[in-house]
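Cut-offs are given where a term is first used.

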Amino acid sequence: MGKPRPVCALVCLLFLWGQGKLMTKVEATSSVHIVYLGGKQHDDHILTTNSHHDMLASVVGSKDMATELMVYSYKHGFSGFAAKLTESQAQKVSELPGVIRVIPNSLHRLQTTRSWDFLGLSSHSPVNTLHKSNMGDGVIIGVLDTGIWPESKAFSDKGLGPIPSHWKGVCESGTGFEAKNHCNRKIIGARWFVDGFLAEYGQPLNTSENREFFSPRDANGHGTHTASTAAGNFVDNVSYRGLGLGTIRGGAPRAQLAIYKVCWNVLGGQCASADILKAFDEAIHDGVDVLSLSIGSSIPLFSDIDERDSIATGSFHAVAKGITVVCGASNDGPSAQTVQNTAPWILTVAASSMDRAFPTPITLGNNKTFRGKGLYSGNDTGFRSLFYPVAKGLDPNSAGVCQSLLVDASTVAGKVVLCFASMTPGAVRSAEEVVKEAGGAGLIVAKNPSEALYPCTDGFPCTEVDYEIGTQILFYIRSTRSPVVKLSPSKTIVGKPVLAKVAQFSSRGPNSIAPAILKPDIAAPGVNILAATSPLRRSQEGGYTMLSGTSMATPHVSGIVALLKAVHPDWSPAAIKSSIVTTAWRNNPSGFPIFAEGSPQKLADTFDYGGGIVNPNGAAYPGLVYDMGTEDYINYLCAMNYNNTAISRLTGNLTVCPIEEPSILNINLPSITIPNLRNSITLTRTVTNVGASNSIYRVMIEPPFGTSVSVKPNVLVFNHKTKKITFTVTVTTAHQVNTEYSFGSLTWTDGVHIVRSPLSVRTEFLQPYI
């Protein structure tokens, strides 16, 4: 056999020599990269697109090749393009003049936690706050909840940087939780606090009915859900029963988590004030930047200086140390004055839905199809007998009430049952249990309209409709001798025509402790939120579940606060809160106003959603902020007529209120609420410029009905010397009557920023006390 001739030598030489198109095709596989060039320089879209092709051609060798490799040219909101590039080409493009950065487009799936796309924080956009903050890298979110399930992929530390140098906390071992194995660069701290709870509970904690771990491990699943919503890492191919397949993540996926287990798996989750206070104490020491609490109490509330409200007390000290504390408004809506966590130093979050729905077709035997709502992912049921229970006597409908269904196997076996529910969430679950036990084939629940869905267990076919559709189905049952129905699997739809609303369960204002302090502050998605959970949770599938509540809305805002903290590390908690409240959305992205669920549904107002639905990209660059510090909060406590001893006990320092009592209306909040206007009131606010040094802001007023509002000065001029300006607001009414609240706004704008403060006024000539 002769010596092999070096056939490839010439070919290889040609490849190396080509250095251009030929090398481009054989060097390596290419992938899509986003080339970000910053803000658009002009409005000539053709010229912009041509410049993108020219830039790409300078690297790949020709305009023809550039056209072949170009995926998108971004030319409206910003300038840039997406193209198929090898790593070396991407590097060359990044070195070209005018290129700000080149980002690998590694994710191409719909994000199942749709909420982040809805809020404008898509991971695919290179210009939003998510990327400008480096996804919260270096920020530590402390979560006080039921613990964490560390094995969830949501808590992988892949792609994360080192543990922040300001972290001083620890990771504690316990039952089923080994610190060296279960903490990483995502879960950097984990503690558990149970002594206060055990002292009050007085019974064995870990029973077969309520499994629990004496460690940071989460048996309930609530804490895992909130932690992953705030800061979970990217996890591909996640769905809930096949619905919403895609990638989930938290709001700040590169932020670190510090877990403080203070709630225990008894009666749905119980937390002792002593344990909560201890967790606050440790968290302040540990060096967290944000604290997230999806915890509440009940009405009536304790006062701000009562240690039994451990959240108000603990958060006061956290905020004094520069830690933003985010809490849920509670789930006692839609009744007024049910909002909790009302202290002005807390950022209080209401719950909204988003632009996602799960329609579930209901087909009757008369060929009419109605659109229900549900989380049913099984096969369609085929046509089954349809049954509505009827009682004997004077109230025939009493047997068909979902909470007290009167059925048995002889009447419903193999049938789909229709029932009518009141507003209680437990109605679906209780009706499901009764129908399943009796051998029923499915369930249709007619109830007050609401976007929050409560899935039936074990894939049992069930769907929800409003009373109108429920009544139409009932009429059909009464019109035929043998009514039948087919339930089909739920589908996922996003975007138009689905509109976000304030959730029915979300607690409403006004504040029952201090009506002049607006609560809630803000709303965020908290309806049908898909996130990680404990595999021990009954509703979970594959370690994930879909939950609703202000508990789910709270970590959305906590994640956003982490992004803002990364962009503006020197901002105070009050500045962050102000930026969130004054830039919030009052309309859906489509321009339609936001409604509030209830009986009946209505246009949402300040007491439903505070400033509106959180707008993360606007909050990052608000223009002006209403800043505050500990002294301002002490003035609030004095204005509330709390005595010096109680205030000193809360603050930890000797405090003496001024002889002239401060006005609560002058607390420098980003909102104005006047609960008892008589004739005329003048109050003050101070704004700090955090935008361009030389700025001129002009006031725009939308007065509440029946009032006139004037502002002095009505123009604010900032420069390198003038950073803060104080202005007065005078609100006047000519109506000599008691009214309910009316709503308006006070807005400052420089033509770029819109800094809107909600304005709520109630005239009250007859005082509620004598």
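Is Tyr 388 buried or exposed? Tyr 388 is buried, with a relative accessible area of 7%; buried stands for under 20% relative accessible area, exposed for over 50%, and partly exposed for what lies in between (1.4 Å probe, protein chains only).

1. Basis. This is a predicted model, in which local features need pLDDT of at least 70, side-chain atom pairs count only at pLDDT 80 or more, and totals for chains, interfaces and linings use all residues. Residues are numbered from 1 along each chain as its sequence is written, and side-chain values use heavy atoms, with hydrogens and water left out.

2. Confidence. The chain has a mean pLDDT of 87, with 90% of its residues at 70 or more; pLDDT is the predictor's confidence in each residue, from 0 to 100. Residues 1-27 have pLDDT below 50, and beyond near neighbours in sequence this stretch makes 14 contacts in the model. A contact means heavy atoms within 4.5 Å. Residues 74-78 also stay under 50, and the model has 18 contacts for them beyond four places in sequence. Where pLDDT is low, the predicted coordinates should not be read in detail.

3. Disulfide of Cys 171 and Cys 183. The structure holds 4 disulfides, a disulfide being a pair of cysteine sulfur atoms within 2.5 Å. One of them joins Cys 171 to Cys 183, with an S to S distance of 1.8 Å. Cys 171 is in the loop between β5 (140-145) and α8 (179-182) and Cys 183 in the loop between α8 and β6 (187-192), so the link ties together parts that are 12 residues apart in sequence. Helices (H or I, at least four residues) and strands (E, at least two) are DSSP runs, numbered from the N terminus. The torsion about the S-S bond is about 70 degrees, so this disulfide is right-handed. Cys 171 is partly exposed at 23% relative accessibility, whereas Cys 183 is buried at 15%.

4. Disulfide of Cys 402 and Cys 419. The S to S distance here is 2.0 Å, and 100 degrees about the S-S bond makes the link right-handed. Cys 402 lies in the loop between β18 (384-387) and α13 (409-412), and Cys 419 in strand β19 (residues 416-420), so parts 17 residues apart in sequence are tied together. Both ends are buried: Cys 402 has 1% relative accessibility and Cys 419 has 0%.

5. Disulfide of Cys 638 and Cys 657. This link also has an S to S distance of 2.0 Å, but with -85 degrees about the S-S bond it is left-handed. It connects distant parts of the chain, 19 residues apart: Cys 638 is in helix α20 (residues 630-639) and Cys 657 in the loop between α21 (644-651) and β31 (672-677). Cys 638 and Cys 657 are buried. Cys 327, by contrast, is in no disulfide, and the nearest cysteine sulfur, that of Cys 263, is 12 Å away.

6. Aromatic pairs. The structure holds 16 aromatic pairs. Rings of Phe, Tyr and Trp (its six-membered ring) pair if their centres lie within 6.5 Å; planes under 30 degrees apart count as stacked, over 60 as edge-to-face and the rest as tilted. Tyr 388 and Phe 420 have ring centres 6.0 Å apart and planes at 85 degrees, so they are edge-to-face. Tyr 388 is in the loop between β18 and α13 and Phe 420 in strand β19, so the pair ties together parts 32 residues apart in sequence. Phe 420 is buried, with a relative accessible area of 17%. Phe 420 also pairs with Tyr 467, stacked at 6.4 Å centre to centre with 10 degrees between the planes. Tyr 467, in helix α15 (residues 467-479), is 47 residues from Phe 420 and is partly exposed at 33%.

7. Nonpolar cores. A nonpolar core is a set of buried Ala, Val, Leu, Ile, Met, Phe, Trp, Tyr and Cys residues joined through side-chain atoms within 4.5 Å. The largest has 93 residues, of which Ile 141, Leu 257, Leu 443, Val 557 and Ile 580 touch the most other members. Helix α16 (residues 550-567) gives the largest share of this core, 8 residues. Another core, of 73 residues, lies apart from it, and includes Val 319, Ile 323, Phe 727 and Leu 759.
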